Amino acid sequence: MSWMPALVAIVSREGLRFVHQRERFIAALVRPLVWLLVFAAGFRAALGLSITPPYQTYITYETYIVPGLCCMVLLFNGMQSSLSLVYDREMGSMRLLLTSPLPRWWLLTCKLIGSSLISIAQVYTFLLVAALFGITLPAEGYLLGFPALLLAGLMLGALGLALSSIIKQLENFAGVMNFVIFPMFFLSSALYPLWKMAESSRLLHDICAANPFTHAVELIRFALYGELNLVAFGWTLLATVVFGAAALCGYDPARGMMRSRS
Amino acid sequence: MKGVSFTLAPGFSALLGPNGAGKSTLFALLTRLFTAPGADIQIAGHDLNKTPRKALAALGVVFQQSTLDLDLTVRQNLKYFAALHGLRGADAAARIDAALDRLDIADRAGEKVRKLNGGHRRRTEIARVLLHDPQVLLLDEPTVGLDAASRAAITHYVHALAQDGMTVLWATHLTDEIEEDDYLLILHQGEFIAEGRTGDVAVERSLKEHFLSVTGGDTP
């Protein structure tokens with residue numbers, strides 16, 4: 001049996017769903033823009049940044065947090081699309097997927113690729129609006145950032161999928177916000193560089209350094225400036241594999257979540 | 001589920017049971033949404049545990065809750081399903097046309113599912129499940145929420161499919177959907193309490209009376 005039609009179909013279905021949910025798109029765009037144009041503008045005065053790779057000159061705080069906000073878009077979307085699979089009307093489409101005669105890992109991978117591509121479309125829209133406000137990246141960065149965004153999108157989507165299958169207490173999005181999204185986002189290098197964190201607390205710094213989200217942010221940050229951060233790449237890839245394996249395990253019919261929800 | 005074991009021949013088999021009898025659990029096992037240790041399930045000669053993909057390829061399922069995408073058209077829904085079964089291009093298009101014709105909904109192909117009534121949505125789901133030519137068809141209370149006319153039409157249609165040689169397992173709690181010559185399995189509290197040709201199971205009284213008396217329930 002041919003595997004490719006499923007990939008094309010699942011990705012285009014995600015695309016169609018996205019087109020039909022304009023409110024979700026606008027919400028996903030407004031969130032990082034508020035951070036960029038309000039929060040960052042206010043913080044600029046409070047936080048001075050010295051030259052730190054990959055930047056070759058002094059940068060404003062707005063410029064610093066752009067990669068972190070790209071990653072935030074991926075994080076919210078990854079959680080939202082994976083959890084919607086389980087908790088609302090998407091349950092039916094998951095059943096359809098799981099009774100297809102294609103291998104489950106492939107079906108879940110198609111799903112992740114589809115939702116990651118949609119997230120990336122939102123990231124580029126965000127970058128476009130940011131550019132209109134004068135916050136730009138090197139021209140080649142927009143292209144070179146793509147593979148990094150894709151890997152980070154897959155990692156966060158896989159995490160959402162794993163959570164949706166394993167943790168039954170996270171019955172609503174508020175729970176996920178409090179216990180997954182906020183800690184992941186704030187305990188990372190998205191808003192402040194790790195060395196800044198180390199000045200205030202060694203422990204916080206160590207937590208941030210271990211957070212896979214930090215590595216995803218750094219991977220994207222370097223890629224947007226045309227550089228490959230090998231360490232960040234390695235950790236992000238490893239986290240993707242681990243989260244992906246956990247998701248696959250969660251959807252294994254012998255132990256999975258379908259037992260409690262069917 | 002206790003000692004539940006059955007073999008279905010081509011034709012229409014009805015799985016009758018009151019709500020909570022275990023019908024949905026049985027369906028989840030048959031469609032591999034989950035597996036249970038010690039459950040030995042063969043579908044069209046394929047072991048569901050050892051060669052799940054071959055078994056699933058031979059299987060068509062209509063779940064109790066609709067699995068259609070409301071914002072997509074009828075044809076888009078069918079195309080999506082075809083792709084999940086490895087079908088695309090002209091082959092998929094020809095199968096989709098044939099299935100829509102068969103269910104008399106070709107004129108609705110371009111409409112969004114959200115605009116269809118319950119009966120047409122069900123027909124769309126049945127058209128969809130025929131796309132990959134399954135040998136075995138499972139339907140879990142497919143007439144829930146439909147008006148009397150749509151219910152009769154769908155029941156009639158699936159009986160016709162069974163007469164064409166498909167193996168159909170139709171779960172229901174409504175006795176009027178079952179015909180005299182259908183193979184009948186009555187499930188109660190996770191066990192089969194009757195099995196055989198419907199006319200032979202309920203001999204001197206109607207199936208409804210028989211069903212009520214053996215399950216001790218008061219739902220029709």
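Guide: Two strands pair if DSSP finds at least two bridges between them. This is a predicted model: local features need pLDDT of at least 70, side-chain atom pairs count only at pLDDT 80 or more, and totals for chains, interfaces and linings use all residues. Residues are numbered from 1 along each chain as its sequence is written, chains are lettered from A and ligands numbered from 1 in the order in which they are written.

Visitor: How many bridges join strand 4 of chain B to strand 5 of chain B?
Guide: Helices (H or I, at least four residues) and strands (E, at least two) are DSSP runs, numbered from the N terminus. Take Val61(B): opposite stands Leu138(B), in strand 5 of chain B. The two strands run parallel, and the number of bridges is four.

Visitor: Which residues of strand 4 of chain B lie on each side, and are they buried or exposed?
Guide: A residue is buried with 20 or more other C-beta atoms within 10 Å of its own, exposed with 12 or fewer, and partly exposed in between; C-beta atoms are placed from the backbone. Strand 4 (residues 59-62) of chain B has Leu59(B) and Val61(B) on one side. Gly60(B) and Val62(B) are on the other, and all of these are buried.

Visitor: Which residue of strand 6 of chain B is the bridge partner of Leu15(B)?
Guide: Strand 1 (residues 11-16) of chain B pairs with strand 6 of chain B in the parallel sense, over six bridges. All six residues of strand 6 (residues 167-172) are buried. Within strand 6, the partner of Leu15(B) is Ala171(B).

Visitor: How far apart are the C-alpha centres of domain 1 and domain 2 of chain B?
Guide: The domain assignment, automatic or from a database, gives domain 1 (1-58 + 134-220) and domain 2 (68-133). Their C-alpha centres lie apart by 24 Å.

Visitor: Which helix gives the most to the side of domain 1 of chain B that touches domain 2 of chain B?
Guide: The contact (C-beta atoms, placed from the backbone, within 7 Å) takes ten residues from domain 1 of chain B and seven residues from domain 2 of chain B. With four residues on the domain 1 side, the top contributor is helix 6.

Visitor: Which helix of chain B gives the most to the side that touches chain A?
Guide: In chain B, 26 residues are in contact with 27 residues of chain A. Helix 1 (23-30), helix 2 (52-57) and helix 3 (74-84) of chain B each supply at least two residues of that side. The one that gives the most, with four residues, is helix 3.

Visitor: How far apart in space are Leu224(A) and Leu144(A), C-alpha to C-alpha?
Guide: Leu224(A) is found in helix 10 (residues 212-224) of chain A. Leu224(A) is buried, with 24 other C-beta atoms within 10 Å. Not counting residues up to four places away in sequence, Leu224(A) touches Pro67(A), Leu137(A), Gly141(A) and Gly145(A). Leu224(A) and Leu144(A) are 80 residues apart in sequence, and their distance in space is 6.2 Å.

Methods
Contact = placed C-beta atoms within 7 Å.
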